[in-house]
Every structure is written in C-alpha cells, then in structure tokens.
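This report describes a protein model part by part. Please look at the sequence and the structure before reading on.

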Amino acid sequence: MSILIENCCKTFRSVPVLKNVSLQIDDHEIVVLMGPSGCGKTTLIRCLCDLETPDSGRIMIHGKTLFDQQKTQDKALLKQIHQEVGLVFQNYQLFPHRTVLQNLCDAVLYQRLLSRDEAHKKALALLSQLQLLEKADVYPSELSGGQKQRVAIARACMLKPRILCFDEPTSALDQASIQQLFPILQRLRESMAVLIITHDQEFGKQIATRTILMKEINAVS
Amino acid sequence: MQFFLQLLPSFLDGLSVTLIYWIVTLIISFLLSLPTAYLRVFGGALIRIILRFYIYIMRGTPLMLQLMFFYFGLPYLGITFSRTTAALIAFILNYTAYFTEILRGGIGSLDPGQKEAAQLLGYSRIAAYNRILLPQALKNCIPSFINEILTLLKDTCLVSILGTDELLRSAKIAAGHYATGIPFLYVGILYLLLNIPISKGLSWIEKKLSYIR
C-alpha cells in the first residue's frame, strides 16, 4: 500500500476544507481525484506532500507515518518520507535561473544522493526517455508548456519517489501535449503510484485505474 | 579647460574619497542585506520586529542626522569614532536598511510555489533561500538597486558635514578660493560621468539575466 489517509481534517480560518477524509492508494495505481473547485483536492495533495499540516487524522506513506495527530514526528524520518512523495505543480515551478539539466541535478547533488557524474547520467537518461535530450542546456523560459511539464516530471523522478502527485496536469496543455502525457503516466505507473487531481473528466476517465469523486470521501463536499 | 586642469588635482583627491565611501558602503551594505533580508522574511517574530524597528529608524530619519549622531552624538555616551569610521557606520547601517527592504520586496514578488518546490526537493530553508529564491530576487531587484547605488554616490557628499574633503567639498573650497561657481559645474559633470558606467553596467547585467522569467 502506498498511501493511507485516515480521517483527515483541515480547516482554513474556521472554514472546513477537509472533513474526515479517508483514502487508500496502492502501488502501480493511477488514481484520479475529481471534484468541483474548492472541494479540497489541492489541500489533500498538499497535505500528502507535507506542504500543509492536517488538523487531525493520520497519513501513512509506505507504512511510515507522515502525520499523526497523536505522535510527534522525528525530523530525519520525515525527510526520508518526503523523498517518497513527488509533486508536479500545476504551473510546474521549474527554477528559471537554472538550465533543464541543472533543474534535474541540483537537488540530488545538494542532498548528496549521487555523484555529479551519476546525477548527469541519470538526468540525461530521463530527458532522453521524455524526448527532451536536446533541451538539457536551455533555460525553462525557452520551453513550451508541455516541455516544462515533462521537465518537472523528470525533476521529481530524480529523487525516485514512490508516489507522484499531479496538480491539474492538463490545465495548461493543448490536446497534442495531453496525448503525449498518457504514455508517460503509464510508464510512471510501472514503478510508482500516481495520484492526479483534475477537472478534466475525459482525461481522468481515460488515464485512471480508479477514479474518486472528492465528495464521496469528503464530508464537506 | 586650463582652469579645470588647475583644479583637477583637488578634484581627484575629493573623487578618491567619494569613491572609497561609495564602494565600501556598497559592498558591505549589500553583503549585510543578504542575511537581513532572509531574517526579515523568514526569521522568528522577535527578529522580524527588531529588523522592522531598525529599518523604520534608518528610513525615517535623515541620513545627515545619522552621520551627525555617529560623529557628534555618540561621544556624549563615551563612544568616539574617527570621522571616516563614523561616516562609514552611518552609511552602511542606512543603506543596509534600504537594500534589505528592496530584497524583501524581491523575495515577496516570487511565486510562493518556488519555495515549496525547493522544500519538496529536500532543500533546507537557508539553502532554498541561497540557491533558489535569492538569485531570482536579485535579478528582479536590479532596477531598484540601480536607483539606490546612484543615490548613494550622491549621498556621499553628506560626509562634508563632518569636515571630510570629498568631491563636492573640493568644489566648494575652489569656488570660495577663486570666487566663482564654475567648480560646481565641473563637479556636476563629474558626477554625471560617474553615473554612466554604473547604470550602463547594471542594465547590461539585467539584460544578460533576462532568461530568468
């Protein structure tokens, strides 16, 4: 089991956004989470990535506790868990002052997970798989939306996450770029679980191994 | 021209003093503003309050008054500085406050997702600031920095209040000696000429960094 969320609640300025949300995602699944704006999809994904802290409940990632209201977490363990969850932001959040290759390699070099040569080799292999090899030395401002998204996927994959989350992956893409995304997501699924939040019902139905409507799991919705 | 050449040695002496104040203040204030901007944005509540108070004082009082405080005021408290040290302390504290606020604005203008992306990629808060946020913020701040750097060059003439012979004071002395206002014109032209490489150089850097967007 990749992710286990139990009775998660989150309130912003006394407005409940998540209320007793429970969800389970297994390895090699592509779970698509759908629902109207403001129903808590993004908040849920942000809680999974530890960008928001739930008010109550429990989040387990591969059997390790990311959040538990009852327990205080060890920082070293949390850092380890963070690496297991990757996120491709809606607007990608590539670092504009770094080239594509540097965007991919900087984090693993900073964390000393790989040597410079190993990092470059791995990054170039990923870029090659995503048909971006010729873009290795350009800056993000020179890329199209689809290319930026693939770089963001490659950057997340450099840290070998076991779950990769996507926040509205099709919102800024044209039809051709969306079509390119299907085989990439299928390939990602072979080595990890994928969680996608989207408004795009057609895309969601086509790619999902399981579709969840947020209102089914969130009492607030 | 002959008159200008006659005055040139004293102008060059004054210019060297002006440039020393300008360069030393610029370098130290800029370097100090990097950690203070970090603390202003990401520091604890108490640190942020202290910095806000310091910036309020530095921006809310005239630089000339600050110069006078460090040279003429502190001796009343038993603290004495040389003219140069007092002037440099005043300039550095004043300009660090301005640079800090400029950088704070630059950091504030960045997409908050940049910090979150860095956090997700395992960067510590300080590493995220140094490697991700600061380079982008610095690029965004170049136009404001150009303004402050040019203002600093002109502000250096305030040290004349402490009796230091900087560029403008050398013109004042010459004007008094020869009973003519022409030395002021020469000095005005020298200030303008100094502005050109500074603003051109920084604009060139800004253009070179245009890929950051």
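In helix α1(A), the residues A:Lys41, A:Thr43, A:Leu44, A:Ile45, A:Arg46, A:Cys47 and A:Leu48 are buried. Here buried means under 20% relative accessible area, exposed means over 50%, and partly exposed lies in between (1.4 Å probe, protein chains only). The helix covers residues 41-48 of chain A, and seven of its eight residues are buried. Helices (H or I, at least four residues) and strands (E, at least two) are DSSP runs, numbered from the N terminus. Just after α1(A), A:Asp50 has a positive phi of about 65°.

This is a predicted model, in which local features need pLDDT of at least 70 and side-chain atom pairs count only at pLDDT 80 or more, while totals for chains, interfaces and linings use all residues; side-chain values use heavy atoms, with hydrogens and water left out. Residues are numbered from 1 along each chain as its sequence is written, and chains are lettered from A and ligands numbered from 1 in the order in which they are written.

**Sheet and helices of chain A**

Chain A has an open sheet of four strands in the order β2-β1-β4-β5, with antiparallel pairing. Two strands pair if DSSP finds at least two bridges between them. The edge strands, β2 (15-25) and β5 (64-68) of chain A, each pair on one side only. On average, neighbouring strands of this sheet are turned by 20° against each other, direction ignored. Axes are lines fitted to C-alpha atoms, for helices over the stretch in contact, and angles run from 0 to 180 degrees between N-to-C directions.

Strand β1 (residues 3-12) of chain A pairs with β2(A) in the antiparallel sense over seven bridges. A:Lys10 has A:Leu18 as its bridge partner in β2(A). Helix α1(A) packs on the sheet and touches β1, β2, β4 (56-61) and β5 of chain A. The direction of α1(A) makes about 60° with that of β2(A). Helix α2 (residues 75-84) of chain A lies across β4 and β5 of chain A, and runs at about 105° to β5(A).

Another pairing in chain A is parallel: β6(A) and strand β7 (residues 163-167) of chain A are joined over four bridges. Within this pair, A:Leu87 stands opposite A:Cys165 in β7(A). In a regular strand the side chains alternate between the two faces of the sheet. Strand β6 (residues 85-88) of chain A is covered on both faces, with A:Val85 and A:Leu87 buried on one side and A:Gly86 and A:Val88 buried on the other.

**Cysteines**

How many disulfides does the structure hold over all chains? There are zero. A disulfide is counted as a pair of cysteine sulfur atoms within 2.5 Å.

| Cysteine | Nearest cysteine sulfur | Distance |
|---|---|---|
| A:Cys9 | A:Cys8 | 7.2 Å |
| A:Cys165 | A:Cys49 | 4.5 Å |

A:Cys9 counts as buried because its relative accessible area is 16%. A:Cys165 counts as buried because its relative accessibility is 0%.

**Nonpolar cores**

A nonpolar core is a set of buried Ala, Val, Leu, Ile, Met, Phe, Trp, Tyr and Cys residues joined through side-chain atoms within 4.5 Å. The largest such core has 140 residues, and A:Leu185 and A:Leu188 have the most contacts inside it. Helix α6 (residues 125-155) of chain B gives the most to this core, with 15 residues. A second, separate core of five residues includes B:Tyr54, B:Ile55, B:Met58 and B:Ala97.

Contact means heavy atoms within 4.5 Å. Leaving aside neighbours within four places in sequence, A:Leu188 is in contact with A:Ile153, A:Cys157, A:Leu164, A:Phe166 and A:Val194.

**Chain B**

Chain B holds eight helices and zero strands. Of its 213 residues, 45% are buried. The C-alpha trace of chain B spans about 70 × 45 × 20 Å along its principal axes. Among contacts in chain B between residues at least 6 apart in sequence, 76% join residues at least 24 apart.

B:Phe145 lies in helix α6 of chain B. Is B:Phe145 buried or exposed? B:Phe145 counts as buried because its relative accessibility is 8%. Not counting residues up to four places away in sequence, B:Phe145 touches B:Phe30, B:Phe99, B:Ile102, B:Leu103 and B:Leu138.

The mean pLDDT of chain B is 93, and 100% of its residues reach 70 or more. The pLDDT is the predictor's confidence in each residue, from 0 to 100. Within chain B, confidence is lowest in helix α7 (residues 167-178), at a mean of 89, and highest in helix α2 (residues 45-60) of chain B, at 97.
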